[in-house]
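This explanation concerns the backbone of the structure shown below. Please keep the sequence and the model in view while reading.

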Amino acid sequence: MRHSFPTVVLLVLCGLIAMPALAIEVDGRIDPEEWQGAQHITDFRKVEPLNGDPASLATEGFVLATPQGLAVAFRNRHPDSVPLSQQRVQRDFEDQVDRVTVMVDFDGDGRTGYVFTVSATDGVYDAILSNEHDLNADWDGKWRHAVQRDRDGWSVEVLLPWHIAPMRKSTSDQRVVKVYLDRVIGYTGERSAWPYASIQRPRFLSEFAPIELTNYGQQLLAITPFVSALRDNVDRDNRLDGGLDLFWKPSGQTQLTATVNPDFGQVESDDLIVNFNATEIFIRDKRPFFTENQGIFEFTTPSDDSQLLYTRRVGGPADDGDGSGDIAAALKLNGSVGSMKYGVFAADEAGEAGRTFSALRLVRDFETQNLGIMATNVERPFYDREASVVGIDHDWRPTARWNVRTRLVGSDIQQAGESVRDTGATLITDYEWNQRWRAQFVGMHFGDELQLNDAGYLSRNNYNYAHVQLSRRFTELPETSRYASKDWRGRFIETYDDHGQLLNHQLRLTRESRWRNGSWEYGQIVINSAGVDDLVTRGNGAMNRPPSFGSYFTIERPRRGNWSYTTEAELFSGKLAGNKVLGYSFSIVPTYHVSDAFNVYVGGYVDYNPDWIIWEGGNLVGSFASRETHFDTGINWIATPKQELRLKLQAIGINAKLRQAYRIDSRGNAIKSNDPVDDFSVANLGVQLRYRYELAPLSYLYVVYGRGGYNEDPLAQNLGRSLRDSFSLRDEEQLLIKLSYRFEP
């Protein structure tokens with residue numbers, strides 16, 4: 001059949017119109033043809049300082065749905081008069097450098113957001129955002145990014161595959177997601193954003209801007225086998241291990257993550273901790289399986305770091321005291337059915353002392369509010385113990401000014417034929433009058449028998465807490481001021497235990513400030529009334545405490561030339577001696593940037609505590625005059641975007657001399673005692689040298705050397721000697737080689 005020329009032209013044009021959108025080539029160059037049809041955003045406004053003024057440097061954003069994923073681009077104008085940072089950064093960096101960020105709430109319900117940051121040198125940071133403000137950078141996702149620089153500034157392209165997060169099913173060919181874009185100028189610390197939302201305000205995640213996009217979906221099956229070899233130079237033992245992680249997303253609504261014989265060789269070193277307190281120290285989990293799409297299981301309370309599922313319990317110290325629990329297998333299933341989100345978690349440890357962990361999570365969105373329930377269960381046969389916990393969480397946003405978060409929890413512990421039950425509840429209410437003034441009320445109750453720490457984390461139970469806080473923000477400061485903004489907060493706190501004993505009244509005044517040169521400053525003054533310490537004797541009676549005070553100051557100065565630094569200082573009064581004696585601490589960590597890819601830091605910390613109270617057993621405590629010194633040093637070398645070498649060395653020396661031993665009587669009074677209590681000293685060391693090579697996205701070769709040790713002597717010695725002695729400690733010394741590779745058939 002023959003056609004006229006106009007007919008042929010018309011057919012060609014119709015064919016072009018029917019063709020799918022061009023795939024985005026992620027190269028950092030914003031090609032107008034590729035980005036045709038994208039939502040174009042230019043109204044970036046200052047959120048640091050939080051004044052809503054137009055951004056000082058022009059920024060453009062582009063958002064486009066493609067079959068390959070959600071594409072986002074930034075065009076950043078940057079004149080030569082403003083220095084542009086060229087410092088290379090590690091993954092999940094916190095350095096003050098030029099960067100852009102896109103945050104996405106794929107379901108648009110304000111429950112979970114995903115954070116993707118790219119620096120001007122193509123370094124990346126990714127995290128999960130929950131509870132409006134809480135960031136967890138332990139999660140690492142697979143996404144594409146690229147940066148290009150030209151004479152007018154720099155550009156970034158990002159492609160977020162649809163399989164990166166579970167998403168609710170859409171009943172049409174369109175989907176509504178909520179998006180937030182921002183840009184930080186490294187030299188000044190200025191942050192501008194679209195929409196006008198800030199993590200400094202009571203509501204952040206729920207303030208993201210809705211965008212209607214074409215509804216796409218992706219399936220993914222990813223298998224990540226690993227093999228590791230460990231040489232233990234202390235036990236003279238060699239170990240070879242292997243395992244498998246699996247990620248399967250059969251549809252947009254369902255994701256399954258599983259692991260078999262996981263290897264949790266320590267490729268990320270934790271900071272050294274010497275803890276003589278009655279409460280456990282919270283440590284974040286960096287293991288990939290436990291960070292992958294963990295947002296659905298976030299159930300926290302206002303109590304510091306508390307949560308119902310603390311994944312470091314899995315594979316933690318074994319119940320029989322023989323090393324760590326041996327995880328045989330674990331799985332995690334999360335997704336959605338209609339408007340209901342769900343999450344299922346299970347993990348099993350091998351051996352007679354092995355524990356079995358399980359958790360179920362359900363969440364429902366109701367536009368201005370969210371309602372969720374979470375249940376955990378742990379079976380601990382070694383202790384003949386089964387622990388069950390149920391929590392209900394409710395978030396309510398009645399107006400743009402109000403944000404109300406409520407949590408109810410209860411525990412049921414079955415052990416040796418006996419049952420113990422108790423409950424807890426928390427409430428956070430935030431109100432923002434305007435851009436300057438805001439108020440907050442927090443109330444918490446944790447029953448005396450509430451027990452969350454089989455699967456979760458709670459620093460203490462037997463606790464009742466309330467505070468009222470009033471805040472005032474100053475952003476319209478004179479151009480001659482070194483400060484870009486100041487945020488003052490006053491808080492009054494009351495705390496009682498569950499038996500009606502006053503722990504203390506507290507008045508707290510804080511100021512958080514941002515400098516025009518990008519520095520950050522924080523200061524705090526705390527005044528405590530008399531009260532009791534009901535934890536120090538571990539259940540053998542509460543100890544009366546006199547009034548006391550504390551003050552704290554820190555400043556972080558970003559890189560200027562070759563130097564950056566962080567410094568902290570603290571002044572505080574005694575515990576039993578009250579304001580009669582003063583203690584102090586000071587630390588400084590300067591970093592010298594040899595080049596944009598290589599830096600060295602050497603830091604120190606000194607502490608003098610004239611009245612350090614330590615439990616000695618029963619109702620006996622000792623008051624010590626202690627001196628503590630830390631030595632921290634390391635190097636960071638990012639040889640190429642795929643290769644990095646890190647050295648981290650920490651050494652601690654403590655020298656504690658007894659001032660007086662005390663017995664706590666039935667009324668809580670500290671009575672001087674002649675019981676023998678020894679002076680003591682502590683030496684602690686941790687060293688890690690780590691090389692990492694990125695073979696492909698989420699595929700790595702690690703070579704890690706680690707050494708450490710802990711020693712406590714029942715006599716005080718010269719503090720310098722304690723610190724020097726730490727360098728000779730060798731309780732453990734290991735060389736680990738680990739190879740993992742992610743296959744996507």
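Alanine 416 lies in the loop between strand 23 (402–415) and strand 24 (418–432). The model is predicted: local features need pLDDT of at least 70, side-chain atom pairs count only at pLDDT 80 or more, and totals for chains, interfaces and linings use all residues. Residues are numbered from 1 along each chain as its sequence is written, and side-chain values use heavy atoms, with hydrogens and water left out. Strands (E, at least two residues) are DSSP runs, numbered from the N terminus.

Most residues other than glycine have a negative phi, and most peptide bonds are trans. Against this background, alanine 416 has a positive phi, near 50 degrees. Its relative accessible area is 58%, so alanine 416 is exposed (over 50%, with a 1.4 Å probe and protein chains only).

A positive phi, near 60 degrees, is also found at leucine 698. This residue belongs to the loop between strand 39 (680–696) and strand 40 (699–713). Leucine 698 has a relative accessibility of 16% and therefore counts as buried, a term for values under 20% relative accessible area.

Glutamate 48 and proline 49 are joined by a cis peptide bond, with omega about 0 degrees. Proline 49 is located in the loop between strand 2 (45–48) and strand 3 (50–54).

Another cis peptide bond links tryptophan 194 to proline 195, where omega is about -5 degrees. Here proline 195 sits in the loop between strand 13 (191–194) and strand 14 (209–214).

Methods
Helices (H or I, at least four residues) and strands (E, at least two) are DSSP runs, numbered from the N terminus.
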